[in-house]
Amino acid sequence: MMREMTGAEMVMQALIDQGVEHMFGYPGGAVLPIYDAMFHQNQVRHVLVRHEQGAVHMAEGYARSSGKVGVVLVTSGPGATNAVTGLTDALLDSIPLVCITGQVPTHLIGTDAFQECDTVGITRPCTKHNYLVRDINDLARVLHEAFYVAQNGRPGPVVVDIPKDIQFARGMYVGPENIQHKTYQPRLKGDPEKIRQAVELLAKAKRPVFYTGGGVINSGPEASRLLRELARLTGHPVTSTLMGLGAYPAADKQWLGMLGMHGTYEANMAMHDCDVMVCVGARFDDRITGRVDAFSPHSKKIHIDIDPSSINKNVKVDLPIIGDVKHVLEDMLTLWRAMKIEPDRRAIADWWVQIDKWRARKSLAFTPSDRIIKPQQAIKALYDQVKDKDVYITTEVGQHQMWAAQHFHFEQPNRWMTSGGLGTMGYGLPAAIGVQVAHPGSLVIDIAGEASIQMCLQELSTALQFNLPVKIFVLNNEYMGMVRQWQDLLHGGRYSHSYSESLPDFVKLAEAYGAVGLRCANPADLDATIAEMINVDRPVLFDCLVDKTENVLPMIPSGKPHNEMIMPDHPEALDEAISEEGKMLV
Amino acid sequence: MPPIQEPAERHTLSLLVDNEPGVLARIVGLFSGRGYNIDSLTVSEVSHDSRRSRITVVTTGAPMIIEQIKSQLDRLVPVHRVVDLTVIGKAVERELALIKVRGKGEIRQEALLIADSFRARTVDTTLESFVFEITGKPDKIDQFVSLLEPLGLVEVSRTGVAAIGRGPDAM
């Protein structure tokens, strides 16, 4: 399709042609023409945010829960710089976004004009790719290319910076048909010979483990289905990173729970003692490996990843397979069946006996109290009431995030949205709003802390304006709990600025926004108050007052290997857990 | 805690990239942002029609880091090809340098003799100075410069390494 139109009209037409239904944004001088073009159409619905960081996190929540590309529109200068945290978050967690930024007119670029900043310069290291459009005849192609780059290969955020004069200029619009990047063609199918070697390794494994990550989610629901099939066929145990929760059902008997710094004992011990490790769409992050030179010392490591730069980055692997998780798992399954493989059932049975011994340590155990709400108890109570509902969970960052990952269990992919790589406090509420936009009829809950929630709380106003009945479940311990926990670990319990002083009255604050405020401090009232939260069809801020001293356990102290976990039955070991070397780590 | 320590190696990488604004910043930013070394960097357009530039980067790092550098470069959207000339065999590496020497009397004679033995050309002369032009491998230029040092070396301008694989095939 070729048609003459203005740059601003091209932006809206390109979004429509890309199938965009929702976008998140905030107007300003350098994007007014686009907002005007938006005014003349009703196919793309715009959600007006209160801060540009919120817009990007909303688009992330939208993208992660729906599998679509999230779209953001912000103005030049501060609009763009406010978006930087969200873009970096999306880059680290591989979330497909297209972020359109306004720019001062081309003749003013470089003059320190009002609300000018070097957007492509600033966002170069925090995007998968970015563009500054200087010619109206490039605009349509660049917009379609941006969608292609954002969602192909390892997904990520793409910025398109459009000067205001280009928005007014007239040119020929071209449709998205056949627009592919001329050279960016990521490899989807894995090398058949390597896949054959992987299947042979798996067939002979005596102590195997599947270590899965966000790449399984990003590869689409089919990848999760294939993972389940392969696990069932092989009988091998499955663990996952924080980002991959939900790809494998938590209710399944082959599920070991999350691994890593606050993962389960059985998952980490299985990783440490395994003889064959299959890493599926994960990246050997430092939260996962612990001490690298003592990481899983006896295993052959297979690594499936679409991004070649993930291979051998932190940990040397024996068998890298570059490709999309879905395609590689499909080929592995086909080959496993064709080769009529009989795994070493006796060895695998012995392996499960060992795993069950580790499980019996009950590493997620906690002691509920009838006097004070334990944060783990709060998550468990929430989970028990909503697990059979159509529910999506987002989180902020900190202790509450880890408790949510440990005690809320996911059976399906795309149900769990959390800031894993960047660890962005303030992510959860806007992400929940984005999820609710994509799934209007579903129950969307942001599990939060009283410190994190204040970082993007203004978006509550967005939730009210667009009738998005998100629930904010605040575990209020009056501390930046994870900071406090590390000060306990490393700094002799000197709580330097980690207490939440001068907290607002969250109930009144919610009411001031027009939302519903609830509070609970008594374990006996917890279930009823949670029920009240769920049953209100409006945004709710639930101030749940919990034990102020609880630490997240189990824990692999920084600088330690997987088999040196601190367990909840011996928390005192935390005091001497971290070596001088470990203190340098984060 | 760094992973297994392996000795650093010097590698010469050739990149074919889209000649678009910001492509060099993207590559340099990748090296600085991830803490990789750049020993030498040259860039110039090689095909006007297809708007391609060729970049030659000389870098040092442990083998695992060199692998990372190549994969990280390769996943940049405007990068078409990354070739490790050090891995594919002995590539031709050349660098050009302009070197200014100041002095009078015997020293001038000495400088001219050295320049001659290195096949450097004299491209500028005054009564008290020379500018020499020399082309060669980087270590040859290093050696030339160090010999001129005591003879009144004023300044050096080097282009950085340009490299190309031997034999009939393109990168």
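Guide: A:Phe24 stands opposite A:Val72, a residue of strand β4 of chain A. Strands here are DSSP runs (E, at least two residues), helices are DSSP runs of H or I with at least four residues, and both are numbered from the N terminus.

Visitor: Before we go on, what kind of model is this, and how is it numbered?

Guide: It is a predicted model: local features need pLDDT of at least 70, side-chain atom pairs count only at pLDDT 80 or more, and totals for chains, interfaces and linings use all residues. Residues are numbered from 1 along each chain as its sequence is written, and chains are lettered from A and ligands numbered from 1 in the order in which they are written.

Visitor: Back to the strands. How many bridges join β2(A) to β4(A)?

Guide: Two bridges join β2(A) to β4(A), residues 70-74, and the strands run parallel. Two strands count as paired if DSSP finds at least two bridges between them.

Visitor: And which residues does β2(A) set against β3(A)?

Guide: A:His22 stands opposite A:Arg45, and A:Gly25 has A:Leu48 as its bridge partner. Strand β2(A), residues 22-25, pairs with β3(A) in the parallel sense over four bridges.

Visitor: What makes a β-α-β unit with these two strands?

Guide: Helix α2(A), residues 32-39, makes a right-handed β-α-β unit with β2(A) and β3(A). Right-handed means that, with the strands pointing away from the viewer, the path from the first strand over the helix to the second runs clockwise.

Visitor: What is the strand order in the whole sheet?

Guide: The open sheet has six strands in the order β3-β2-β4-β5-β7-β6 of chain A, with parallel pairing. Its edge strands, β3 (45-48) and β6 (129-132), each pair on one side only. Neighbouring strands are turned by 20° against each other on average, direction ignored, with axes taken as lines fitted to C-alpha atoms.

Visitor: Changing topic, how many residues does each chain give to the contact?

Guide: Chain A gives 21 residues and chain B 18 residues, where contact means C-beta atoms, placed from the backbone, within 7 Å.

Visitor: Finally, what does UniProt place at residues 195-331 of chain A?

Guide: The unreviewed UniProt entry places "domain: Thiamine pyrophosphate enzyme central" there; such annotations may be inferred rather than shown by experiment. In the model, residues 195-331 of chain A are 36% helix and 20% strand, with end C-alpha atoms 7 Å apart.

Conventions
Two residues are in contact if their C-beta atoms, placed from the backbone, lie within 7 Å. Axes are lines fitted to C-alpha atoms, for helices over the stretch in contact, and angles run from 0 to 180 degrees between N-to-C directions.
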